[in-house]
Amino acid sequence: MLGNLKGKVAIITGSASGIGKRVAQMFAEHGATVVIADLNLDSALIVANEIRDTYKQDTLAVAMDVTDEAQVNAGVEATFNKFGKIDILVSNAGIQTISPIVDFEFAKWKRLFDIHVHGAFLTTKACMQKMIEKGNGGRIIVMGSVHSFEASKNKAAYITAKHGLLGFVRAIAKEGAQYNISSNLIGPGFVKTPLVEKQIPEQAKSLGITEDEVVKSIMLGETVDGEFTTTDDIANLATFLAGFETNALTGQSIIASHGWHIQ
Ligand code: NAD
């Protein structure tokens, strides 16, 4: 049955906020035990407690900077020790940095890559090791973006990193197959989370237009309905992919962007 995550153990990175938080809630609603892994432990604890109270599922909150190999390994180990397995990883932690290429600070460029690309690698590596040890297979979902396929001004680091994740997901599909580990990339359009709220004034300043124009023309101008993608849109898709029973969809990227980018 699709969407049934009963008895599954899922680590979701960056799940103290936004998309990751909604994915964690929906996974728990569908029967999963969820691990809230985030840089921000205070918020992660609050989310884990809320989910435990609302959905009556076991949860764990771990402090995890996905760029720190020791912290990633410790969080994955803590999950394995507490729940005995890891079935699903959602590599979702991310940031945005707005700057034209000519002004882009190298340190900020590298930090963004560290989080999106190296974070996806470190968490996938650690979780795949546990999935292989347990022998039950697994599902790895990486949060890409429409910017895994499209470019916009002032987001070069993000666009480059998100394009890179497309290749990573395909590589996981090929290497994971022998262990029944599948992978997918989800490509959201603009979702109104703190990550996007922050960039509206930044984009307005950088492009010399109003905040309203940023939303209407830049963010939603190419959609079919002028609507933001929602955290529910993405959580529904993640639940579908995490619960998909065969490897038929492995390596595929699925975009949810209200028609902004149609493959
Ligand atoms: P958000 O800012 O609401 O949440 C991001 C979370 O990641 C936060 O809880 C933050 O503490 C955490 N985080 C940041 N750096 C981290 C690190 N080094 N280690 C661990 N956790 C860290 O953002 P969001 O909009 O929910 O974004 C989630 C993912 O979705 C990101 O990968 C983002 O690129 C992607 N995405 C977002 C949108 C959008 O429009 N919001 C669109 C496409 C893709």
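A polar contact here is a pair of N or O atoms within 3.5 Å; within protein, one must be able to donate a hydrogen and the other to accept it, and residues adjacent in sequence count only if both atoms are side-chain atoms. With that in hand, look at the ligand: one of its oxygen atoms sits 2.8 Å from a polar backbone atom of Asn 92. A ligand nitrogen atom is 2.9 Å from a polar side-chain atom of Asp 65, and a nitrogen atom of the ligand is 3.3 Å from a polar backbone atom of Leu 39. Taken alone the ligand exposes 820 Å², and the protein buries 93% of that (Shrake-Rupley method, 1.4 Å probe).

A word on the model: it's predicted, so local features need pLDDT of at least 70 and side-chain atom pairs 80 or more, while totals for chains, interfaces and linings use all residues. Residues are numbered from 1 along each chain as its sequence is written, and side-chain values use heavy atoms, with hydrogens and water left out.

Now go to Thr 59, in strand β3 (residues 59-63); strands are DSSP runs of E, at least two residues, and helices runs of H or I, at least four, numbered from the N terminus. Thr 59 is buried, at 3% relative accessible area (buried is under 20%, exposed over 50%, partly exposed in between; 1.4 Å probe, protein chains only). Its side chain reaches the backbone oxygen of Ala 48 at 3.1 Å and makes a 2.8 Å polar contact with the side chain of Arg 52.

Finally, find helix α8 (residues 231-243). Its buried residues include Ile 234, Leu 237 and Leu 241.

Notes
The expected span of a helix is 1.5 Å times one less than its number of residues.
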